[in-house]
Amino acid sequence: MDTLSNVNTQRGESHFSTSNLSSASPPENQSLLAGVSVKYALHPDKYWYVLRVTYNRISRAYDILRKAGLEVYLPMHYVQKIIQDKKKRVLEPLLPNIIFVYATPESITSFVKKPSHYSFINFYLNHFKQDEYGKNPPLTVGYNDMMNFINVTSTDNEHARLVEPEQCHYKSGDVVRVTDGDFKGVTGRVARVSGQQRVVVELEGLCLVATAYVPSGFLMKVK
């Protein structure tokens, strides 16, 4: 699997290409079973950290993190652009300034606190919490929530998209799991988005991602 969803970004232009970023997505033919990635095995001492990267340096950050031996996930998507009067599909980061790292607190803190040449990579802070010193701690994502996010963002279905809360008209508070189709295994809440029934996945404090249209027959309520 070397391509990800086509979601229109409202931030600036990126100069990424398919060739230099295909490695950012899960390895070819890697399966995602019921929201669990084979690549990112559960580890009792690791957490999913959200890192903020200065714009236009996401490719460099990805390479540096990988060379440091850290497990990295960079969600990608295709966008349609006019280049030299021709419409082309261009692969770009789904969240232009964001990269995810699965690491122990010690290893990621050591990396982020390295000399100034890494100053463009910083923790994305959780503004809804405070530590014992009254400061906002780094934002982390629970393992199951992250696997679910990877599942919904690693499909090649071009109709998945980032959405804002006001775009989601939830049918109920029920949580459902997709049982078939491109988004099989994805868990979220059913909502109407742009007039279609979709499943919305939330990374609290960061973003919402909606699947493409999912028929009711492909949905199972999660108790």
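Mentor: Six strands form an open sheet in the order β10-β14-β13-β12-β11-β15, with antiparallel pairing. The model is predicted: local features need pLDDT of at least 70, side-chain atom pairs count only at pLDDT 80 or more, and totals for chains, interfaces and linings use all residues. Residues are numbered from 1 along each chain as its sequence is written, and side-chain values use heavy atoms, leaving out hydrogens and water.

Trainee: What makes β10 and β14 paired strands?

Mentor: Strands are DSSP runs (E, at least two residues), numbered from the N terminus, and two of them pair if DSSP finds at least two bridges between them. β10 and β14 (residues 207-210) are joined by 3 bridges, so they pair. L162 stands opposite V209 in β14.

Trainee: Why is the contact between K81 and E92 called a salt bridge?

Mentor: The term requires a side-chain nitrogen of Lys or Arg within 4 Å of a carboxyl oxygen of Asp or Glu. The closest N and O atoms of K81 and E92 are 2.5 Å apart, so the pair qualifies.

Trainee: How do you know whether E92 and K221 are buried or exposed?

Mentor: Buried means under 20% relative accessible area, exposed over 50%, and partly exposed in between (1.4 Å probe, protein chains only). E92 has 2% and is therefore buried, whereas K221 has 55% and is therefore exposed.

Definitions and conventions. Helix = DSSP H or I, 4+ residues; strand = E, 2+ residues; numbered from the N terminus.
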